[in-house]
Amino acid sequence: MKRWFTFWTNPILMKELQMRMRTKRTPWIIFAYLGIMGGIVLSVLSLYEDNINLGHTDSGSMLFLLLAFLQLLLMSFVLPGVTSGLISGERERQTLDILLTTSLSSRQIVFSKWLASLSFILLLFISSFPIYVIVFLYGGIPTDYLWKVILHFLVTIIFMGSLGMFCSAFFKRTGIATVVTYVTVAVIGIGLLILLYLLVLFQEPNLHKDEIPIWIEIICGLHPVISLYLGLVPNMFDLNDFIWKIHPYPFYLLIYVVFSVLLLFGATYYLSPVRFRLWKTAKKKQI
Amino acid sequence: MIQIENLCKTYQQVPAVNNLNLQIEPGSVFGFIGPNGSGKTTTMQILATLLKPSSGKAWVGGYDVQTEAEEVRRMIGYMPDFFGVYDYLTVMEYMEFYGACYQIEPSQSRKVAKELLELVKLSEKQNHYVDELSRGMQQRLGLARCLIHDPKVLILDEPASGLDPRARIEFREILKKLQQMGKTIMISSHILPELADLCDTIGVIEAGKLVTSGAVSDMLVPKNQARTLEVHVLEEVKEAEELLQQSEYVQSIRVEKNCLYVKFTGDSTKQVQLVQQLAKANVPVLQIFESKLNIEDVFMKVTDKEGNS
């Protein structure tokens, strides 16, 4: 119980939340995030007013998917910016050395900062719920859709947060850490799509109707939008007749959780002043 | 309290610290002197568990800085040469944050923070944001932050750099109080006269090597060496010089206007005899005193010798 309490009263977590909520930037980020999301959803609703009807299940599902993808896209923009300066920012502000000489371990510092950034993203996610309520008005959204989206978002947030943390610990400068984080996110979001397109284009004659090559499955499983889409709507591209060796949705969840753990471990490694001190050997010397 | 044995640190085969051996006694104030890039900060960072030495060992309070870093961190208060503060945190919140980092109970942390802010004369600023404080105030706050967990050892790297004379004097007074409280202080500074005033022992480091170390008093008045007497006369300089040269205890004399700088090997009794001889010969002596080295002279002398060798 005490450990649980200590965990939640972790000084870095508390300080990060306190500082974040005091900056002028925070309300502007929330405003812009909700403004863009709400604006796009309301624009779609007004543009396709004639085709989207209350109680029409397909309309509801379509809007829900649109909202989910929009959220993924916006998070890809916000998360790297929020996380990539967490450690390098401390380094640039010249507060890191002081922090490293306290009783906090590198693992605690990395984990607390990571958790603080995720808390902020969760705040954005939760604050977007009213927009989801608008979409739910149209009906046709199964409960498992909602849980699948939430789970997918959580894993995506965890991964992107870990990626930002790793880059922040690895690179000395926040600018470089931010650029590398954005580039990596872009490679996952756009690069994988291009790669998939090119591979399908060049390999098309060799593709058999009832069998999906493993590399397609892996790329689909690594891509956030495709994996989510296939998790929600399995008959995408008429692939429902195919037998998946690896289903993209659970593959995505699993692989990005593993990546996240590795990245957090790497961030801790690069933050530690004396790396890989796994055991103690020396005894206290009498002075 | 601090012991360093054959400590080496190299950066891409360039030695920053080269076979350093040092011992600092509990309760003493040790001044670490050296030119820029001599290895002071590297040594201090190793002691603060921020750097891994290439070879050699170091202990703080009997704990190995490499293998018992956690215990070492509990024993030390470290203040780097440059440090920043967090935005949007008040002075009290800043102190409480570091208190929490050392796992001090919030109520206890607040109590200690108040006492420390009193010590560094920042009580009135406890509700101000730290980034709004002046540089001198931030340095004092940094020192208070170092003390939040009541460390036995303070490692202060250039704590007075960038401070105006008043802030430096205030800072020095606080350090004197800490010295009286029995803290072991290791301090590096470029303002050498201040170190002489504050420190019991000093160590001069150059190119990663400890050139000399010892008690400040011994450094300023070297034992078994000729003392320099300054003899100021109103006139008859020539006669005074001839008279002084007759003494077997006078090694050499250098004359500048009406002042004679005499290298004298005799003790106080012989010095009195010398004065009497001058008086007997009616040399109008204005004053005689022993000229002492200051810490800057010691530093220049030691580093010059090292440079020439």
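## Annotated spans in chain A

The unreviewed UniProt entry annotates "transmembrane region" over residues 28–48, 60–83, 114–139, 145–167, 179–202, 214–237 and 249–271 of chain A. UniProt positions are given here in the numbering used for this model, feature names are shortened, and annotations may be inferred rather than shown by experiment.

The model is predicted: local features need pLDDT of at least 70, side-chain atom pairs count only at pLDDT 80 or more, and totals for chains, interfaces and linings use all residues. Residues are numbered from 1 along each chain as its sequence is written, while chains are lettered from A and ligands numbered from 1 in the order in which they are written.

Residues 60–83 of chain A are 100% helix and 0% strand, with end C-alpha atoms 33 Å apart. Residues 179–202 of chain A are also 100% helix and 0% strand, and their end C-alpha atoms lie 32 Å apart. Helices (H or I, at least four residues) and strands (E, at least two) are DSSP runs, numbered from the N terminus.

## Strand β9 of chain B

In strand β9(B), residues 201–206, six of six residues are buried (20 or more other C-beta atoms within 10 Å of the residue's own, with C-beta atoms placed from the backbone). In a regular strand, side chains alternate between the two faces of the sheet. One side of β9(B) holds B:T201, B:G203 and B:I205, the other B:I202, B:V204 and B:E206, and both faces are covered.

## Its partners

Two strands pair if DSSP finds at least two bridges between them. Strand β3(B), residues 29–33, pairs with β9(B) in the parallel sense over four bridges; B:I33 is partnered by B:V204.

Strand β10(B), residues 209–215, runs antiparallel to β9(B), with six bridges, and B:I202 is partnered by B:G214. The two strands β9(B) and β10(B) form a hairpin with two residues between them. In the turn, B:A207 has a positive phi of about 50°.

Key. Buried ≥ 20, exposed ≤ 12 C-beta atoms within 10 Å, placed from the backbone.
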